[in-house]
Amino acid sequence: MATMIPGLIRPGTPPGEAKVFEALRDHPGTADWIVWHGLPIRHHETQVEGEADFVLVIPGEGMLVVEVKSHERVEVGDDGLWRLGGQEPTPRSPYDQVWDNSRSIRKWIERRAYVPPYPIWQAVWFPMRGGELVDQLEARIDVPANETLSRADLDASRLVQRIVGVLRHGRRELERRVPAYQPGRPDDEDIAEARQALQPSISWARAMDERREQRERDLREATERQERALQYFGASPRLLVTGPAGTGKTNVAVRAALLAANREERVLLTCFNRRLEADLQHRLRDRGEVTVARVHQLMLASAGLTPPDDAGDDWWNGTLPDAVLAVTRAPGFEPPFTCLVADEAQDLARDSTLEVLDSLLVGGLAGARVVLAGDFTRQDIYTPQPTRASSSPTQPPRGSSSPTQSGVSRPSPFAQRIPDAATMTLTSNVRQTPQLAELIEELLDDELYIGFDRDAEEEPDDLPLTILRYGTEAEQQEQLASALMALWEDGWNPREILILSPRRASAASRATGAVADALASHDGDANGTPWGTVHAFKGLEAPAVVLTDVDGTSPRWHDLLYIGATRATERLVVLTSLDEIAGRAPLQR
């Protein structure tokens, strides 16, 4: 199992890159390899900055820089332009791109360290296309031989042999122009020097890798406990899974869907959020028998409708579900599903939504197999709530779950429809490091987690929560720039950082200069730091989160603070104008 840097696949990773990541990570023949995924090249030889999809350091063989193209469509026209998927045609081939990346890395190592006594070579990998593409490409004069990998090379029987073969070909090519490389290089010392040259904060990075490995082990152990709990509750056909953020509810939902599919149930796994839908689809991409669709997408497909441009709440939660019910209640309609699993189920607690789900299940919600996973006391930010008498940005007293609770039992809409549902409560945090989880509790002035062993790790030198106070928008922009600069200097990859706000008109949306340049230009952009609203990233996570615009003016702002803060797994920065938040600072103790 290779050492992967970073150790986790990021949300939004193109499917081809994810396949390559998993193949390299899981192959027993890569156990002593070092593999960077998404290595930024900020000192690029031919452009402002670049990124290497993968950089492999293989003991005794060399370093291989890999450009991955996940596209099904790969064409080169008579005009000499490359067409990859839906991208704009370009004269610059993937081979030009990876060659520039390889040269930039080699030049950087030579300037910062030494002339590498081993080959640094390059390859282009098309994990979604077969070997026929390789033959067609290598028939061109502008495509080098033996530098193309395909879908077949993901197979465990040939992966190591093919990658090493590409490197050895590169060694032979280079030795035509340079003195022979020393046998057995790179050795352990070479590898350590390469890591130091590429990422000088190597001691920090190694510590972070170890923490992530520990967190993955904790997650596996928690998964095993949850699996046993699911089996215990297996006799209960209808199950409510509750718990605060980070306790593994999504994992339980996925496992429940798989268990039901293994029993040959017709399973619907649904949610409210578009990004969570994409994450669930990725997790279950190999299980076609499980239908994964967010609830409104499911409704659109069922009714055969396209939303109007001016669609508002009345259309989405009135006109659309009514149209679906007209279909599902028509004579002869047969419900397509025998099992419902819902993640972030609190977001579905509308009568119109539940009516639709009820009509799509054989036996309805009260008679089908149903698993509903959600945080019903703190994350219900979509269900309409009674108007509050005061809009003052004060927080609830310690012990109350949120200012939007208003005495309403959040699971009650489900309880009315599924009165016999058993309840499985999760309390152990499997998302944050123990130190960060404790600091988030202090930030929110609330006790969230019960079953958390806080003595599992030593206290780090630098606490993983920072609270920055601002008074004006200009000061917030300065704080945002300072926070990002500090994270970069600590060695965080820009794509490991997520900037969240309780509103669309956020500090990130108004950023200029270096901050704006560092941000992803649009949703789903693989380059730059992603950013968006807390609402859009419910149910997901990121290693480092910067939470902006915490000023108490957004509706349900404390719930949004809770949701945004609990997206972070290892590092959290909060930008606030509220004295009560800034003054709570556990950093000042």
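How many helices and strands does the protein have?

**Figure 1. Overview of the predicted model.** The protein has 18 helices and 19 strands. Of its 589 residues, 54% count as buried. The accessible surface of the protein comes to about 25,800 Å², and carbon and sulfur atoms account for 49% of that surface. Among contacts between residues at least 6 apart in sequence, 73% join residues at least 24 apart.

**Figure 2. The largest nonpolar core and the surroundings of Leu443.** This core has 55 residues. Leu269, Val341, Leu443 and Leu572 are the members with the most contacts inside the core. Helix H7 (residues 249-262) supplies the largest share, eight residues. Another core, of 30 residues, lies apart from this one; Val65, Leu84, Tyr95 and Tyr114 are among its members. Leaving out residues up to four places away in sequence, Leu443 touches Leu465, Ile467, Leu561, Ala565, Leu572, Val574, Ile581 and Arg584. In soluble globular proteins, nonpolar side chains tend to be buried together.

**Figure 3. The largest cavity and its lining.** The structure holds two cavities of 30 Å³ or more. About 70 Å³ of space lies in the largest cavity. Pro502, Val534, Leu547, Asp549, Val550, Asp551, Gly552, Thr553, Ser554, Trp557, Leu560 and Leu561 form its lining. By class, the lining residues are seven nonpolar, three polar and two charged. Strand S18 (542-550) and helix H17 (557-565) each contribute at least two residues to the lining. Leu561, one of the lining residues, is also touched by Leu443.

**Figure 4. Helix H11 and its packing partners.** Helix H11 covers residues 351-359, and its buried residues are Thr353, Leu354, Val356, Leu357 and Ser359. These buried residues pack against two strands, S10 (267-270) and S12 (339-343). They also pack against helices H9 (295-303), H10 (313-328), H12 (364-367) and H13 (412-417).

Figure 5. Is Glu17 buried or exposed? Glu17 counts as buried because its relative accessibility is 6%, and the cut-off for buried is under 20%. Glu17 and Lys69 are 52 residues apart along the chain, and their C-alpha atoms are separated by 7.8 Å.

Terms used: Residues numbered from 1 in each chain as written. Predicted model: local features only at pLDDT ≥ 70, side-chain atom pairs only at ≥ 80, totals over all residues. Heavy atoms only, no water. 1 Å grid on protein atoms, 1.4 Å probe; cavity = no way out; pocket = protein on both sides within 12 Å on 5 of 7 lines; lining within 4 Å. Points joined across faces, edges and corners; volume = space filled by probe spheres on them. Helix = DSSP H or I, 4+ residues; strand = E, 2+ residues; numbered from the N terminus. Nonpolar A, V, L, I, M, F, W, Y, C, P; charged D, E, K, R; others polar. Buried < 20%, exposed > 50% of the residue type's maximum accessible area, 1.4 Å probe, protein only. Contact = heavy atoms within 4.5 Å. Areas by Shrake-Rupley, 256 points an atom, 1.4 Å probe, with all protein chains shown as cover. Core = buried A, V, L, I, M, F, W, Y, C linked by side-chain atoms within 4.5 Å.
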